[in-house]
Amino acid sequence: MDLDAVRTFVAAAEAGQFQEAAAELAVTQQAVSKRIAALERSLGVRLFTRTPRGVELTIDGQAFLPHAREVLRVAERAVASVRAGRRPLRVDVINLRGAASGLMRGFHRAHPGIDLDVVTLFDIETAVAAIRSGAIDASFRAVAAPGRPLPEGIESVRVVDEPLQLLTGPAHALAGARSVTLPQLAGHRIWMPGIVPGTEWAAYYDDLVAEFGLTIEATGPNFGSDALLDTVADTPALATFMGEQTRLVWPAGHGLRRIPVTDPAPVYPHSLLWHRDNPHPALATLRAHLAATTAGHDAAGTWTPGWVIAR
């Protein structure tokens, strides 16, 4: 249905004259007549009858008028929903307990007037596809996974490097250490059931294992962070890696230890991805906020895989 014709019909019905409707719509009276005639043909009914003083609605016109007004209201709401700045900024953070989620909380505190819609997608291919389709505005990822360059139109900027920590139970051999070096971890079992082959975080840990001779096990089902914490707390032979900014709470009786890893300090690189043609004004605000509030990267004494984008 032609919205211009519907809008013309409503204007003519309210004015009672095609001439006044034409003046209101800034078109010619002939254009009004043509639009009304086309609408009548598409509906298969007469909407107006001519009178000495103008036009009057037929019975079918009277029945159609309230629905025509509703069509125009719905169309106006549809346009408003996607007008720049009117819809929420939609951002993927991978998980709700990690560093990216913390960055978005900081952004919300700094810009409480910006509506946000935070989602959690799985892998980088899913996130990039969602950015390209417009389903999301941005995503936090480790960019780029080896052998998978970003598609044309997808921009990225490295925003923060997050140090890894070793998480152990109270009976682990390293539980009392103030810090541990990567060479010291050789021979210890590091359990990370959340590593999924083919993801960018799997590529990261594959390189970490290869370069420093570590043993990372991803065996068994991933029952989530609570089950992971329970197992590490109760198993002296197991430890796990955790991002420094990952926010987790566990029972006091677990006695878990978060131990910095040094010499070098492995850091997980978080980048922001977006489409260069995305017009949402809050996206530019988010990028400026991250540039002003996040720390630098590639600091001395840190390690990242060679395929990680430097900028």
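A residue is called buried here when its relative accessible area is under 20%, exposed when that area is over 50%, and partly exposed in between, with a 1.4 Å probe and protein chains only. At 17% relative accessibility, threonine 181 therefore counts as buried. This residue belongs to strand β7, residues 180-181, where helices (H or I, at least four residues) and strands (E, at least two) are DSSP runs numbered from the N terminus. Contact means heavy atoms within 4.5 Å, and, residues up to four places away in sequence not being counted, threonine 181 touches Thr262 and Asp263.

The model is a predicted one, in which local features need pLDDT of at least 70 and side-chain atom pairs count only at pLDDT 80 or more, while totals for chains, interfaces and linings use all residues. Residues are numbered from 1 along each chain as its sequence is written, and side-chain values use heavy atoms, with hydrogens and water left out.

Turning to the overall form, the protein has 10 helices and 13 strands. Its radius of gyration is 30 Å, well over the 19 Å that the globule rule gives for 311 residues, so the protein is more spread out than a compact globule; the radius is taken over C-alpha atoms, and the rule is 2.2 Å times the number of residues to the power 0.38. The C-alpha trace spans about 100 × 40 × 35 Å along the principal axes. Of the 311 residues, 44% are buried, and among contacts between residues at least 6 apart in sequence, 74% join residues at least 24 apart.

In soluble globular proteins, nonpolar side chains tend to be buried together. A nonpolar core is taken here as a set of buried Ala, Val, Leu, Ile, Met, Phe, Trp, Tyr and Cys residues joined through side-chain atoms within 4.5 Å. The largest such core has 27 residues, and those with the most contacts inside it are Leu166, Leu185, Tyr205, Leu208 and Phe241. At least two residues of this core come from each of β6 (154-168), α7 (182-185), α8, β10 (238-243) and β11, and the largest share, seven residues, is supplied by α8. Phenylalanine 241, its neighbours within four places in sequence left aside, is in contact with residues including Leu164, Leu166, Leu185, Tyr205, Leu208 and Val261. Apart from this core lies another, of 19 residues, among them Ala5, Val6, Ile36 and Leu39.

A pair of aromatic rings is described by the distance of the centres and the angle of the planes. Rings of Phe, Tyr and Trp (its six-membered ring) pair if their centres lie within 6.5 Å, and planes under 30 degrees apart count as stacked, over 60 as edge-to-face and the rest as tilted. The structure holds nine aromatic pairs. Phenylalanine 212 and tryptophan 303 form another edge-to-face pair, at 5.7 Å centre to centre and 80° between the planes. This pair links distant parts of the chain, with phenylalanine 212 in helix α8 (residues 200-212) and tryptophan 303 in strand β13 (residues 302-303), 91 residues apart. Both phenylalanine 212 and tryptophan 303 are buried. Tyr204, Tyr205, Phe212, Phe241, Tyr268 and Trp303 form one aromatic cluster.

Helix α2 shows how burial is arranged around a helix axis. Phe18, Ala21 and Ala22 are buried in α2, and, seen down the helix axis, the buried residues of α2 fall within an arc of 100°, so they line one face of the helix; the arc is that of the directions from the axis to the C-beta atoms. On the other side of α2, Gln19, Ala23 and Glu24 are exposed. The cover over the buried residues of α2 includes α1 (3-15), α3, β1 (48-51) and β2 (54-57).

Some backbone details deserve attention. Just after α2, alanine 26 takes a positive phi of about 60°, although it is not a glycine; alanine 26 is in the loop between α2 (18-25) and α3 (29-43), and it counts as exposed because its relative accessible area is 69%. Isoleucine 94, in the loop between β3 (89-92) and α5 (99-110), has a positive phi near 70° and counts as partly exposed at 24% relative accessibility. The peptide bond from aspartate 263 to proline 264 is cis, with omega near -10°, and proline 264 is in the loop between β11 (257-262) and β12 (265-275).
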